[in-house]
Amino acid sequence: MKTAIRNATLVAAVLGSAGMATASSIPGMRGHDHTGITVPDMKQAVDFFTEVVGCKKAMSFGPFADDKGTFMQDVLGVDPKAVIEQITMVRCGTGSNIELFKYTAPDQKDLTPRNSDIGGFHIAFYVDDVAAAKAYLDAKGVKTRMGPIPLSEGPAAGQTILYFQAPWGLQLEAISYPNGMAYEKGAETVLWSPKNPEK
């Protein structure tokens with residue numbers, strides 16, 4: 001019974017909840033709830049997101065495993081003997097949440113994708129001042145890339161960006177566009193922004 005409840009909790013965590021439906025969308029889709037990331041060290045990841053980035057820890061739960069069946073494979077597409085040691089959810093400002101996973105699995109690979117790799121990704125945080133963000137990250141010993149880079153041409157004109165990395169190699173970005181971006185003038189769809197979350 002305990003395993004069934006734990007597995008049902010995992011399904012709810014992975015699949016999220018339903019809401020209002022619109023035409024040409026997943027029924028009930030309301031928006032981006034969270035991004036899940038598998039990390040090599042949960043304490044390191046939680047410390048980075050809370051003590052450096054400024055997110056707040058909301059909850060932790062787990063472990064999840066099925067040593068007799070194929071539940072993990074059936075739900076998550078992982079090796080049937082994979083174990084989620086812990087899941088921790090963090091909330092980052094007025095943006096969506098980040099779900100951190102600490103897995104072990106017989107076939108686990110340790111690959112950190114670059115932005116150019118298929119399946120590569122990054123997480124961007126809206127900040128008020130990218131130069132101030134860079135100075136702060138540099139002072140914390142966080143690896144930053146070239147920047148801040150202000151964009152003055154094209155549809156993204158008005159934004160300033162800076163890429164940086166978590167200690168284990170996760171790609172992140174600081175972005176700001178205090179006066180909006182060029183594409184917004186006359187745009188039918190305007191991107192959601194944590195600086196104006198009500199829009």
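## Briefing on a predicted protein chain

Helix α4 is followed by glycine 141, whose phi is positive, near 80°. Residues are numbered from 1 along each chain as its sequence is written, and side-chain values use heavy atoms, with hydrogens and water left out.

**The chain as a whole**

- The protein chain contains 4 helices and 9 strands; these are DSSP runs numbered from the N terminus, with helices being H or I of at least four residues and strands being E of at least two.
- Reading from the N terminus, the order of elements is α-β-α-β-α-β-β-β-α-β-β-β-β.
- Of the 199 residues, 31% count as buried (buried is under 20% relative accessible area, exposed is over 50%, and partly exposed is in between, with a 1.4 Å probe and protein chains only).
- Among contacts with a separation of 6 or more, 54% come from residues 24 or more positions apart; a contact means heavy atoms within 4.5 Å.
- The chain exposes about 12,300 Å², and carbon and sulfur atoms supply 55% of that area (Shrake-Rupley method with a 1.4 Å probe; for residues, only the protein chains shown count as cover).

**Helix α4 and its surroundings**

- Helix α4 spans residues 130-139, and its buried residues are Val130, Ala133, Lys134 and Leu137.
- Seen down the axis of α4, these buried residues fall within an arc of 100°, so they line one face of the helix; the arc is that of the directions from the helix axis to the C-beta atoms.
- The cover over the buried residues of α4 includes α2 (42-53), β6 (143-144), β8 (160-165) and β9 (171-176).

- Threonine 144 lies in strand β6 and is buried, with a relative accessible area of 18%.
- The side chain of threonine 144 makes a polar contact of 2.8 Å with the side chain of lysine 134 and another of 2.9 Å with the side chain of aspartate 138.
- A polar contact here is a pair of N or O atoms within 3.5 Å; within protein, one must be able to donate a hydrogen and the other to accept it, and residues adjacent in sequence count only if both atoms are side-chain atoms.
- Leaving aside neighbours within four places in sequence, threonine 144 is in contact with Lys134, Leu137, Asp138, Leu162, Tyr163 and Phe164.

**Salt bridges**

- The count comes to 4 salt bridges, each being a side-chain nitrogen of Lys or Arg within 4 Å of a carboxyl oxygen of Asp or Glu.
- One of them joins aspartate 138 and lysine 134 at 3.3 Å, N to O; being 4 residues apart in helix α4, the two are separated by about one helical turn.
- Aspartate 138 counts as partly exposed at 39% relative accessibility, whereas lysine 134 is among the buried residues of α4.
- Another links aspartate 47 and lysine 43 at 2.6 Å, N to O; these residues are 4 apart in helix α2, about one helical turn.
- Aspartate 47 is partly exposed at 22% relative accessibility, and lysine 43 is exposed at 58%.
- Arginine 114 and aspartate 117 also meet in a salt bridge, at 3.0 Å, N to O; arginine 114 is exposed at 53% relative accessibility, and aspartate 117 is partly exposed at 27%.

**Strand β4 and its partners**

- Strand β4 (residues 97-104) is mostly covered, with 6 of its 8 residues buried.
- Strand β1 (residues 34-38) runs parallel to β4, and 5 bridges join them; two strands pair if DSSP finds at least two bridges between them.
- Strand β3 (residues 83-91) pairs with β4 in the antiparallel sense over 8 bridges.
- Asparagine 97 in β4 stands opposite histidine 34 and is also the bridge partner of arginine 91.
- β3 and β4 form a hairpin with 5 residues between them, and glycine 93 in the turn has a positive phi of about 60°.

**Cis peptide bonds**

- Most residues other than glycine have a negative phi, and most peptide bonds are trans.
- Glycine 62 and proline 63 are joined by a cis peptide bond, with omega about 10°; proline 63 sits in the loop between β2 (56-61) and α3 (71-76).
- The peptide bond from glycine 147 to proline 148 is cis too, with omega near 5°, and proline 148 is in the loop between β6 and β7 (149-150).

Terms used: Predicted model: local features only at pLDDT ≥ 70, side-chain atom pairs only at ≥ 80, totals over all residues.
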